[in-house]
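I set out to record what I looked up in this structure, entry by entry. The notes begin with one residue and end with the confidence of the model.

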Amino acid sequence: MPRAGVSSSESSRRGAGAFRTLSEDRRITVFCSDGRLYQVDYAWNATKLAGVTSVGVRGTDSVCVVGQRRANTHAPKDKLLDMTSVSRLFPITDRLGLLATGIAGEGRALAHEARNQTAEFRFNWGYEMPPDVLAQWIADRAQIWTQYVSKRPSGVVAMILGIDDEKGTPQLFTCDPAGYFFGHKAASAGQRDTEAVNFLEKKMKNNPSLPFQETIQMAISALQFALKADLKASEVEVGVVRTDDPTFRVLTEAEIDEHLEAINPEPRHSEMLPGLFRDKLTLEN
């Protein structure tokens, strides 16, 4: 029975509104009243759940991606974990790499499907899949998953890096859970992506010509600034592709150490500045 003073029609409308809100919140394919898909918003939140941040920078002759090497922050800390087995950076072909930011298991599954797709492309057409075609395929896959109740959006932002064989230029793409893909001069994803983007926007507003070494150091510097800490080589993984050597390659810890030393040189006794303060001065200049 409706409450006194409330008509049955008004009670029905309230019940229908509650059901509609529940449907919008739980069903992937139902839009809310302002035109958004809540489950896509939740997938964006899931990309930050792992507590990692990734950065990509495109230079004049190369492209570089840098990601944190760490286990899920919500899992119990395992002191016996071999950190070399923790990776979100995947080779897709000899010339394409993928850095997955978000849920680690979904990143591995995406990389596996991408490898199958690029192998099928090469078998059908006789040449390697270009970076933009792979990015479009990943974006199409993500968008399709927002249309079916039997699926859900993927909690991963993918960065694709490679060389365009026709143009001979480096390319960097991001693909998000909503099905968008964009080419970038520089990009960031993950927990502290806003801080990294602010750093990159100031550093790259004049479209600087970045050679190979400076491209890597720019990406690492942006990640350090976002995390507000000086990084160790064991805490990051770096993937690069160059125009003169288009093979995707993951840098060794020794190579990463060389770049960290160039970014954070040992201060003289007369200027013992913390690494974070040096980054702040560099950004302000």
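Entry 1: a single residue. I count a residue as buried when its relative accessible area is under 20%. The model I am reading is a predicted one. Is Ser54 buried or exposed? I found a relative accessible area of 3% for Ser54, so this residue is buried. I located Ser54 in strand β1, which covers residues 53-58. I then listed what Ser54 touches, leaving out residues up to four places away in sequence: Val66, Gly67, Leu99, Thr101, Met159, Ala187, Ser188 and Ala189.

Entry 2: the chain as a whole. I noted eight helices and 10 strands in the protein chain. Of its 285 residues, 43% are buried. I also looked at contacts between residues at least 6 apart in sequence, and 63% of these join residues at least 24 apart.

Entry 3: helices α3 and α4. I recorded the two quantities by which a pair of packed helices is described, namely the angle between the axes and the distance between them. Helix α3 spans residues 104-125 and helix α4 spans residues 131-144; they pack at an angle of about 125°, with their axes 11 Å apart. The two helices are therefore oblique to each other. Their crossing is right-handed. Which residues make the contact? From α3 I listed Leu110, Glu113, Ala114, Gln117, Thr118 and Phe121, and from α4 Val133, Leu134, Trp137, Ile138 and Arg141. Sorted by class, this contact has seven nonpolar, two polar and two charged residues.

Entry 4: helices α5 and α6. I examined helix α5 (residues 193-203) against helix α6 (residues 212-227), whose axes come within 8 Å and cross at roughly 135°. This pair is therefore oblique as well. I noted a right-handed crossing for α5 and α6. On the α5 side the contact is made by Glu195, Ala196, Phe199, Leu200 and Lys203, and on the α6 side by Met218, Ser221, Ala222, Phe225 and Ala226. By class I found seven nonpolar, one polar and two charged residues here.

Entry 5: confidence. The protein chain averages a pLDDT of 85, and 81% of the residues score at least 70. Over residues 8-19 the pLDDT is below 50, and this stretch has four contacts in the model beyond near neighbours in sequence. Residues 268-273 likewise stay under 50, with four contacts beyond four places in sequence.

Notes:
Residues are numbered from 1 along each chain as its sequence is written. This is a predicted model: local features need pLDDT of at least 70, side-chain atom pairs count only at pLDDT 80 or more; totals for chains, interfaces and linings use all residues. Side-chain values use heavy atoms; hydrogens and water are left out. Axes are lines fitted to C-alpha atoms, for helices over the stretch in contact, and angles run from 0 to 180 degrees between N-to-C directions. Helices (H or I, at least four residues) and strands (E, at least two) are DSSP runs, numbered from the N terminus. Angles under 35 degrees count as roughly parallel, over 145 as roughly antiparallel, 65 to 115 as roughly perpendicular and the rest as oblique. A crossing is left-handed if the near helix is turned anticlockwise from the far one by less than a right angle, and right-handed if clockwise. Contact means heavy atoms within 4.5 Å. Ala, Val, Leu, Ile, Met, Phe, Trp, Tyr, Cys and Pro count as nonpolar, Asp, Glu, Lys and Arg as charged, and the others, Gly among them, as polar. pLDDT is the predictor's confidence in each residue, from 0 to 100. Buried means under 20% relative accessible area, exposed over 50%, partly exposed in between (1.4 Å probe, protein chains only).
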